[in-house]
Amino acid sequence: MQTFGTTSLHDLFDDLVILRNLTPFDQRVPSLVDAWQAMGLASPRIPRKHEPDYARASVWFVRRARALELPGAAVRELLFIGDTAMADGNAFRNLAQAGGWPGWCFIGAEKLSAPASLVADGDNVSLANRWALLADWLATAKAAGARLDQHTAVVVDMDKTAIAARGRNAAVIDNARVEGLHRTAAGLLGDAFDLARVQAAHNELKEPVYHPFTADNQDYLAYICLAVSAGLIDLPSLVGQIQAGLMRSFEQFIAWADGEIQRAPAGLQQIHRAVYPLVQAGDPTPFKAFRRQEYLCTVERFGRLPEQTALGTLLAEQVCITQEVREMALWLKRRGCLLLTMSDKPDEATLPTPEQARQGYLPLHRTPTTAVGESIAARLADL
Ligand SMILES: [Mg+2]
């Protein structure tokens, strides 16, 4: 593994970047909020990644994006690259079905301690423990009849796939989020901020056993950790109530907190006044202050270390572009394929505020950083 200079996601995908709110950066492609009727959806509500409506919207984006450059070229097949068998595998299945497209899906999670393996997981989904196996996977798809041309749409998951590859560089993204939480807490709670209590609550409640309570929602988890840190409830009591089935959902928790908030420190009251109305309005990412800190903590981890930094340090401390994904994307692009990337991150965790933009901050996909990986160029050239 080695470094391959500095680049950005924009070099691979231009502005065909779609975040959680389903508003493409490329403004020539209308957002879900503007086009939900044309997409065949029942409302402008933003669906989550696992929902059929998410696939319906994505199919529409893919077709519109293709028509921008090649109005006559119908999309006839799908390639999907991600890092989680469940979430990305199912997103691929839904998307292929909604588009009526044959497709191939690659799920990467590097595990260098095991022998390299590329195994089928059903429905043309392949699980790989090396990102370099992208070349083998493409060869398999080609042998199975994939055209890999202007009729091919290539959807690449952003987080822990195109950047911060799972099994290699992914902890950096998680660390940025946790630091964002700490900074939010320190800034808003002041003297009432207790780092050890925030960490203890986060370590416990991030576990999958609590997903029914947290909905695996990072904003909810952040709010709960801050409520615990500020002393609104102590962690053992909260865990006891969850385990006893007395506290079943985040909605129940924040409604309870609303009745108790008068005895909380001013900083938590301020957070609560900002978050609670958005939760009631159905906003899936209601903790905006936390997400803005997450953006800052993430963008600070792009491209800040010198090129000659040791590889281990680079992968531990900096968000890197996945070189194997980069080479594959450029190779497919040269063959005429349509490429776009999608992320589950909300805008606030991905874009600078207007004030930050004036200071020179860029959206994550336009921020340069180091590409790291193993070159697959020679194997792609043989395909
Ligand atoms: Mg991912």
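Domain bounds here come from an automatic or database domain assignment.

**Ground rules.** I am working with a predicted model, where local features need pLDDT of at least 70, side-chain atom pairs count only at pLDDT 80 or more, and totals for chains, interfaces and linings use all residues. Residues are numbered from 1 along each chain as its sequence is written, and side-chain values use heavy atoms, with hydrogens and water left out.

**Terms.** I used a 1 Å grid over the protein atoms alone. A cavity is a set of points where a 1.4 Å probe fits but cannot get out. A pocket is an open set with protein on both sides within 12 Å along at least five of seven lines. Lining residues have an atom within 4 Å of a point. Points are joined across faces, edges and corners, and a volume is the space filled by probe spheres set on them. Helices (H or I, at least four residues) and strands (E, at least two) are DSSP runs, numbered from the N terminus.

**Largest pocket.** I looked up its volume and found about 1400 Å³. It has 40 lining residues, and Lys160, Arg177, Asp216, Gln218 and Asp344 are the closest to its centre. Helix 6 supplies the largest share, seven residues. I then sorted the lining by class: Ala, Val, Leu, Ile, Met, Phe, Trp, Tyr, Cys and Pro count as nonpolar, Asp, Glu, Lys and Arg as charged, and the others, Gly among them, as polar. That gave 10 nonpolar, 13 polar and 17 charged. Domain 1 (2-168 + 320-381) and domain 2 (171-296) each give at least three residues to this lining.

**Second largest pocket.** This one holds about 310 Å³. Ile46, Gly282, Asp283, Pro284 and Thr285 lie nearest its centre, out of 16 lining residues. Why does the second largest pocket lie between domain 1 and domain 2? Both domains give residues to its lining, so it lies between them.

**Cavities.** I counted two of 30 Å³ or more. Of its 16 lining residues, Lys49, Tyr54, Phe80, Ala91 and Met342 are the closest to the centre. Helix 4 gives the largest share of that lining, four residues. By class, I found eight nonpolar, three polar and five charged.

The second largest cavity has a volume of about 30 Å³. Its lining includes Arg177, Gln218 and Phe290. Helix 6 gives the most here, with three residues.
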